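Here is a short report for a first look at this structure. Keep the sequence and the view side by side while reading.

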Amino acid sequence: MTDTWRRSAQSVATELQAIFGTRLRSVVAYGALLDGHSDGPLTCLALVDTLTISDLDACAARAAGWHRARVAVPLILPTDEFRESLDAFPLEYGEILRAHETIAGENLLAGATIAPDDLRRACETQVKSHLLHLRESYMESGASPTAVSNLVRASAPAFGALLRNVARLFGVHSSSRMDTTLEGVRIAGLSERVVADVLALERPATVPQSDPARLFPEYLAAVEQLARTVNSWRTA
């Protein structure tokens, strides 16, 4: 994370400290910025002892300022609720656990784990939902090249997340976004060229190496293979 974003994260922590006082237990930064992807806003998680409607009002009053500073409204949770929800949001919270940096307070994420069975169920839901979305949207598009290109481009970030989640399901614990993504590609036996062409579309400024619409058949086949890979998973 660059010094600019680090200062932004510390500013968020200071503002949350003013709202929650001693009830603020921890503030962590997480997400793409920690992996060197600087296109999106800063994302933070704050763990607190209690969370009231007055706290929400105080945060709401700061939302516009956060947006201007390219900071997403922090994810704020009571600490116990976060720990009790690891089984409900294994993919979302697993991504936070994979790569985060404590900005203020305690490192409360140390020791938090996602149960393998919870991760498998969530991965299956995610990959099959993605597959259904691609098929349905392709039909809805009437196979229009422009619409299909937009579909591939819009779904690329979710595809990258799928690859990382499959890697974690099969025991990869790297904090590197790129390494985890590549491990997902390897585990599923996907074409590195196809994956690279799709994921290049995650960045709006990137000039596509291939026509996104022409990529669709191979892209769809890759997601189908990911679904088979998840179905093949078994606990040791």
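A143 lies in the loop between helix α6 (116-140) and helix α7. The model is a predicted one. A143 is not a glycine, yet its phi is positive, at about 65°. Its relative accessibility is 40%, so A143 counts as partly exposed.

R70 is another residue with a positive phi, in this case about 60°, although R70 is not a glycine. R70 belongs to the loop between α3 (63-68) and β3 (75-78). With a relative accessibility of 40%, R70 counts as partly exposed.

**Helices α7 and α10**

Two packed helices are described by the angle between their axes and the distance between the axes. Helix α7 covers residues 145-169, and helix α10 covers residues 212-232. The two pack at an angle of about 25°. Their axes are 10 Å apart. Why do α7 and α10 count as roughly parallel? Angles under 35 degrees fall in that class, so α7 and α10 are roughly parallel to each other. The crossing of α7 and α10 is left-handed. By class, the contact of α7 with α10 has 18 nonpolar residues, three polar ones and one charged one.

**Helix α9**

Helix α9 spans residues 192-199. Which residues of α9 are buried? They are V194, V195, D197, V198 and L199. The cover over these buried residues of α9 includes α7, α8 (177-188) and α10.

**Aromatic pairs**

A pair of aromatic rings is described by the distance of the centres and the angle of the planes. The count comes to four aromatic pairs. Two of them are set out here.

| Pair | Centre to centre | Angle between planes | Class |
|---|---|---|---|
| F89 and Y93 | 5.5 Å | 55° | tilted |
| F159 and Y219 | 5.1 Å | 75° | edge-to-face |

Take F89 and Y93. F89 has a relative accessible area of 38%, so F89 is partly exposed. Y93 has a relative accessibility of 6%, so Y93 counts as buried. F89 and Y93 also belong to one aromatic cluster, together with F82.

Now take F159 and Y219. Their planes stand at 75°, so the pair is edge-to-face. F159 sits in helix α7, and Y219 sits in helix α10. The two residues are 60 residues apart, and the pair links distant parts of the chain. F159 is buried, and Y219 is buried too. This pair brings the view back to the two packed helices, α7 and α10.

**F20 in helix α1**

Helix α1 runs over residues 3-20, and F20 lies in it. Is F20 buried or exposed? Its relative accessibility is 3%, so F20 counts as buried. What does F20 touch, not counting residues up to four places away in sequence? F20 touches V48, T50, L51, D55, C59 and I76. F20 and A9 are eleven residues apart in sequence. In space, F20 and A9 are 16 Å apart, C-alpha to C-alpha.

Notes:
Residues are numbered from 1 along each chain as its sequence is written. This is a predicted model: local features need pLDDT of at least 70, side-chain atom pairs count only at pLDDT 80 or more; totals for chains, interfaces and linings use all residues. Side-chain values use heavy atoms; hydrogens and water are left out. Axes are lines fitted to C-alpha atoms, for helices over the stretch in contact, and angles run from 0 to 180 degrees between N-to-C directions. Helices (H or I, at least four residues) and strands (E, at least two) are DSSP runs, numbered from the N terminus. Angles under 35 degrees count as roughly parallel, over 145 as roughly antiparallel, 65 to 115 as roughly perpendicular and the rest as oblique. A crossing is left-handed if the near helix is turned anticlockwise from the far one by less than a right angle, and right-handed if clockwise. Ala, Val, Leu, Ile, Met, Phe, Trp, Tyr, Cys and Pro count as nonpolar, Asp, Glu, Lys and Arg as charged, and the others, Gly among them, as polar. Rings of Phe, Tyr and Trp (its six-membered ring) pair if their centres lie within 6.5 Å; planes under 30 degrees apart count as stacked, over 60 as edge-to-face and the rest as tilted. Buried means under 20% relative accessible area, exposed over 50%, partly exposed in between (1.4 Å probe, protein chains only). Contact means heavy atoms within 4.5 Å.
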